[in-house]
Amino acid sequence: MSTGGNGGATTATNKQVIMRDYVSGFPKESDFEITTTTVELRLPEGSNSILVKNLYLSCDPYMRSRMGKPSALALAQAFTPGKTILGFGVSRVIESNHLDYKQGDLLWGIVGWEEYSVVTPEMHFKIHDTHVPLSYYTGLLGMPGMTAYAGFYEVCSPKKGETVYVSAASGAVGQLVGQFAKMMGCYVVGSAGSKEKVDLLKNKFGFDDAFNYKEEQDLGAALKRCFPKGIDIYFENVGGKMLDAVLLNMNMHGRVAVCGMISQYNLEHQEGVHNLTSIIYKRIRIQGFVVFDFFDKYSKFLEFVIPCIKEGKIAYVEDVAEGLEKGPEALVGLFHGKNVGKQVVVVARE
């Protein structure tokens, strides 16, 4: 860190995670590199930006869609090879030219995967409640938590006593959907990819039942076993053969909230969907959704979820990687099911 004549620091080293080139197939750690550059600790006059120190970064499955070549079908703009990748993070303001932020403020939103970022606040939220761990704003109190809330309550239109199935249920979103459903008085079953995760669903998150999809020869039979009277709501995180099996087990007027399809993200040619006539015969409503469309309900979400945290009504599990250097490994691990709970990268504790 160098200093100017006034004795204050003017520059700092800035470690960054760079994507080497567009990714095809499953991402690998070698698709990324750690570089170190220098950042100015003073903002240019007249800008509307803020300089932030990044504390926690969020690893999210949707980021895979940003690693490929630009596509009109992508959820967000593709990462640029040779440039810092972007994602949701928790940060502290170092300097501000923005009227809504001052030095020392905490916020969460899109930042670079680096130690310091300059951002123009748009899809960013100031953090007011610091009586919970700040890392929660990468998950439970951030984008994944809002995704679970909007997808379940706004898209699924749940009713007490209904049956709910959640795939990829031990992840950042799934673990919360299951708990929200239990609060509604629903019967909830989740699936995951290991015994450890299945035990977590039943013993930590309070799911009524859970199964390891890797151990099931027939997914349709597994769902029939868990839901002898059928499924009213399916929170979709996986796609592929799981969706095929679910459609055969849905009840009349069932609802499917399509949050993600992680089984398809790394395929060059995505799989088709079978059993689509079930949608007609059973009057099933399938709705895709993107959390950005519901950010106007964020304050309502906080009013609901923060008391639940403080009263111990919500259990939450994080899988923490220490240091930006561990970022690529943590991110790539998502697509192999290595994380147990919400995957977080710690850049700096404070």
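## A partly exposed ring

Phe 292 is partly exposed, with 29% relative accessible area; that label covers the range between buried (under 20%) and exposed (over 50%), using a 1.4 Å probe and protein chains only. This is a predicted model, where local features need pLDDT of at least 70, side-chain atom pairs count only at pLDDT 80 or more, and totals for chains, interfaces and linings use all residues. Residues are numbered from 1 along each chain as its sequence is written, and side-chain values use heavy atoms, with hydrogens and water left out.

## Its partner, Phe 88

Rings of Phe, Tyr and Trp (its six-membered ring) pair up if their centres lie within 6.5 Å; planes under 30 degrees apart make a pair stacked, over 60 edge-to-face, and the rest tilted. That rule gives 24 aromatic pairs here. Take Phe 88 and Phe 292: their planes sit at 40° with centres 6.5 Å apart, so this pair is tilted.

Phe 88 belongs to strand β5 (residues 86-96), while Phe 292 is in the loop between β14 (285-288) and α7 (298-310), so the pair ties together parts 204 residues apart in sequence. Helices (H or I, at least four residues) and strands (E, at least two) are DSSP runs, numbered from the N terminus. Phe 88 itself is buried, at 3% relative accessibility.

## A stacked pair

Next up are Tyr 165 and Phe 211, a stacked pair with 10° between the planes and 6.0 Å centre to centre. Tyr 165 comes from strand β9 (residues 163-166) and Phe 211 from strand β11 (residues 209-212), so distant parts of the chain, 46 residues apart, get linked. Tyr 165 is buried at 0% relative accessibility, and Phe 211 is buried too, at 3%.
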